[in-house]
Amino acid sequence: MRQALTRYIIRRGLQSLFLVWIATLIGFTIYQLAPGGPLQFLDDDPKRTAADFERLSALYGLNRPILVQYLAWLAGEDWFVLLPGGAAWQSGQCRANPERCGRGILRLDFGRSFYFKGSNVIDLIAERIPATFMLGFSSLVISVAVGIPSGIYAALNRGKLPDHIIRVTTVLVNTVPEWWIGLLLLIILGGYLRLVPLGGMETIGDGSLLDRLHHLALPAIVSAISGWISISRIMRFEMLEVLNQDYVRTARAKGLPEHLVIWRHVLRNAILPFVTGLSGIFLIFLSGSILFELVFSWPGMGRLAVIAINSRDYPVMMGLFVISSFLGIIGVLMVDILYGFVDPRVKYEL
Amino acid sequence: MKGYRYPAHWLMVILVVFALLATQCAPSSTPTPEAQATPTAASTETGAPVVEQQLTPTVAATLEVSQQVITQVVEESEAAKAREPQKGITVVSDEDVTTPRTKRGGEYKDVATSDAVSFHPYLTTDTASSSYQGMVYTGGLLRLDENTLQYIPNMAEQYSISEDGLTFTFHLRKGMLWSDGQPITARDFEWTYQQVINPANEFPYLSQLEFIKSYKALDDYTLEIKIDKVYCPSLGQMSGLITPLPKHVWEKLPWNDPDKNPEMNKPSVVSGPYKLVEWKRDQYAVFEANENYWYHGAPNISRYVIEIVPDQDVAYQKMKTGESDTGPITPDKLKEARQLPNITVYEWWPAAALWSYIGLNMRSGFPTHDLHVRRGLSYAIDKDLLTQEVMQGQAKRLCSVYPETSWVYNPDVPCYDYDPEKAIAEFQQAGYTFQDGKMVDQNGKQLRLKLLFGPNTSKTRELIAVTVQDYLRRIGVETDIQAMEWSAYLEALHSNEPDWDMYIGAWQATIEPHIMYTIWAEENIPQLNSVAYINKEVEKLFEEAGSNCDVEFRKERYQKIQRIIAEDAPYIFLFYNKSWSGQNKRIKGIIPTALGIGWNMEDWYIEESPTP
């Protein structure tokens, strides 16, 4: 079993790496095909001439074919000199100063940002990861804490008033985009009632735990809405499925008290998918945070992604792409492995 | 095994979809020029025209206010006529710059919807960064007088121009200090200039320095700048060309590597009114008064905080609740903002006004290649109505290249006032027939034109587009409107083989009229001159006006240019905008002029009273 698991992890890991590689290739091409480029800020600027544009293009190596740029991003450009005529493939910056040569993602060099004027991409991402995780994790906690009980409650009262109320509420809330709810609540609670701050992560010059929680409350609750709805629905569905199982009928038939039937037989089986799926759900929260980060000016990776996309900052976009892919892979692997532990029937086939 | 809930190949699909969606996103954080709230607005002094990024709709201004401000602007234009010729002169200032300010203390809370990128003055191009840099660095040898709009001594207490107009000598004030107590000298200017002109140092606007032949520090307090040939805007351009960096700190550091040069993102030795205390990217920046600031010492307001907020609505809410002292007022909120008990809305007609137009594609093969078609289109649209209804009184009609606020403004140009009959007559001259409500060409086909606008989020431009469509339908011309994301719009505009007939655009006017040459020069097709306007006479007039600095001579040339361009009708000129800014009433000392309100920001002070 142990050995099979190790082999399974290695196989899946390699598979995933291959997938990430393909994804980066596609991502890089798509970014390149989008109109504009890292120098588009100069496009509409009468202070520059065509010569300025060409000089900067050459300096940053943006005048090279896409494949060469991809290769430089992937494997670095310092070794280009080893190829015959390869020096011409290096960016102007790299030729002028070997310290500025890219080393490539394979050597864990994420490159430097265009928009942030030479800042290291990995630093830019690293300084934003905590904010994103904080928001993602708190909304996960909230949606689980609300979603599971409400799902259970709805299932147990199937067809009765509480079930209808919960169902109608979830449908209603689901028809409105959450970011819009967020903006609305922000303006009502923050603007008119002044119960919560108008966005941001901390008050300037404060930053105490209480202050941070105060800032976190509304974004966490709003971004938990969609998770709460889907968790509550799945929970209700799983509960109903388990309630129809023969062993539940058996338990009831042998005279077990109803609360024990629910607690010991129904709940345990119905909740299984959540235990294993938590890391996956967390990932969805991370990726779904972009809009909320925008609405609540939360300084996380989502906001960085939007800046990078709007300014066509390839290195930052690709960096975020790779990091989020890796987070995804780790999440998926964890789900698979956890599943094996929780459900002994699962075999890791090779 | 029993089903995965999150298989890896799904992950990849999601990522790719995300990438696809992402590249389609429209710019959301571009600043809106009219709603700009940053008090450092006077940076357009020497700048070139800037294409406006995004335009938002406007609502109601009281006529009273407008007229009052108009008088002010007209007076200033009169004053501006009295510009002295720029040869063989010496100008000395006896302005007292040492008396300290007296109303010091307090904190000003600013909000912004986009954060700066870097404090490095020679790498960035965005407005947020330049306003941050303007807090900590100062570099104007001369500055524009807020009343006469003439250049007057600033960091240079005296300047002279040689008889041939090619050598400029600036004498710096003695006693100006960096924040660490070291003197600011001409050596700092010269060293900075030499770094900037190194092509490997990434300065985006290197071509702006090409007119300079040499830039030398003769001694610690004398700068000598030489140019090749007489160029009238040069004094203005030189005055703000180099913002000196502290040579004694920077020369040990790599110029453009943020890993090894901490000064790039956290300047420690500065020359501006404020020092940086803390900058948390995408969250906030905190500044404190620089006691060593050369102009009357520390500014009145001791702390200056900029908070980054998600969008203009939230920023406006912050101003309303008193969480910030200023905030952007989108045109639709203007009426409400004027009624806010804690806010004063300052309004002015800026010398560097933003003006809107419809560009007409002049390339052969397009219907608008024909002069009569262009004139017909100009007659067919009621521009007064557009100005009044779309801009709700926050704009004024424009008939040619320079708005009324310019000192070279020519009122005597064809303005194409709304006249559908004249429009039809012009089309008939171009070989079209107006029958059964349709404008048909010789082959009997109805005329269809494609109108482009971007960004697709701009409500003002959308409104202009549908209004134009409606007016053209009345003379039997069909219009296909295409709204585009900003980058895609620029790409379509700057294409070598455009497929559009018309587009909606805007330029920021400049105080120096010569800068507008770039948008009419043949060499700038298709970038700045997207309509492909070619008129050698106009280019000749611009060249003459740029090389003979006699005021009357220049004025005559620019006026002639305005008439010729209006007659050629490459654009349908629409209107130019008013500017405004909301400030908390506790902030005193604000004086709106044609330069905006930021020009005397250091003299603003805080009168403590409960907010709001």
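**Labels and their cut-offs**

Guide: Gladly! Let's start where helix α13 of chain A is followed by A:Arg312, whose phi is positive, near 55°. Helices here are DSSP runs (H or I, at least four residues), strands are E runs of at least two, and both are numbered from the N terminus. Residues are numbered from 1 along each chain as its sequence is written, while chains are lettered from A and ligands numbered from 1 in the order in which they are written. The model is predicted, so local features need pLDDT of at least 70 and side-chain atom pairs count only at pLDDT 80 or more, whereas totals for chains, interfaces and linings use all residues.

Visitor: How do you know whether A:Ala154 is buried or exposed?

Guide: A:Ala154 has 25 C-beta neighbours inside 10 Å and therefore counts as buried. It belongs to helix α6 of chain A, residues 129-156. Contact means C-beta atoms, placed from the backbone, within 7 Å. Leaving out residues up to four places away in sequence, A:Ala154 touches A:Pro162, A:Asp163, A:Ile166, A:Arg167, A:Ser232 and A:Arg236.

Visitor: And which residues does B:Lys109 touch, and what makes it buried?

Guide: B:Lys109 has 21 other C-beta atoms within 10 Å, so it is buried. Its place is in strand β2 of chain B, residues 107-112. Not counting residues up to four places away in sequence, B:Lys109 touches B:Val305, B:Glu307, B:Ser324 and B:Asp325. B:Lys109 and B:Val305 are 196 residues apart in sequence, yet 5.0 Å apart in space, C-alpha to C-alpha.

Visitor: Why are α10 and α11 of chain A called roughly antiparallel?

Guide: The angle decides it: under 35 degrees counts as roughly parallel, over 145 as roughly antiparallel, 65 to 115 as roughly perpendicular, and the rest as oblique. Axes are lines fitted to C-alpha atoms, for helices over the stretch in contact, and angles run from 0 to 180 degrees between N-to-C directions. Helices α10(A), residues 246-253, and α11(A), residues 258-270, pack at about 155°, with their axes 10 Å apart. They are therefore roughly antiparallel. A:Tyr247, A:Val248, A:Ala251 and A:Arg252 of α10(A) meet A:Val261, A:His265 and A:Val266 of α11(A).

Visitor: What makes α9 of chain A oblique to α11 of chain A?

Guide: Their axes come within 8 Å and cross at roughly 130°, which makes α9(A) oblique to α11(A). On the α9(A) side the contact uses A:Met235, A:Glu238, A:Met239, A:Val242 and A:Leu243, and on the α11(A) side A:Val266, A:Asn269 and A:Ala270. The buried residues of α11(A) are A:Ile262, A:Val266 and A:Ala270, and they pack against α9 and α10 of chain A.

Visitor: Which residues touch the most other members of the largest nonpolar core?

Guide: A nonpolar core is a set of buried Ala, Val, Leu, Ile, Met, Phe, Trp, Tyr and Cys residues joined through C-beta atoms within 7 Å. The largest one has 118 residues, and B:Trp355, B:Ile358 and B:Ile572 touch the most other members. Strand β21 of chain B, residues 571-577, gives the largest share, 6 residues. Apart from this core lies another of 98 residues, among them A:Leu216, A:Ile229, B:Tyr108 and B:Phe119.

Visitor: What is the phi of A:Leu108, and is this residue buried or exposed?

Guide: Most residues other than glycine have a negative phi, and most peptide bonds are trans. A:Leu108 has a positive phi of about 60° although it is not a glycine. With 8 other C-beta atoms within 10 Å, A:Leu108 is exposed. B:Ala532 also has a positive phi of about 60°, but its 19 other C-beta atoms within 10 Å make it partly exposed.

Visitor: Where are the cis peptide bonds?

Guide: One runs from B:Gly454 to B:Pro455, with omega near -5°. Another runs from B:Ile525 to B:Pro526, with omega near 0°. B:Pro455 lies in the loop between β18 and α12 of chain B, and B:Pro526 in the loop between β20 and α14 of chain B.

Technical notes: Buried ≥ 20, exposed ≤ 12 C-beta atoms within 10 Å, placed from the backbone. Contact = placed C-beta atoms within 7 Å.
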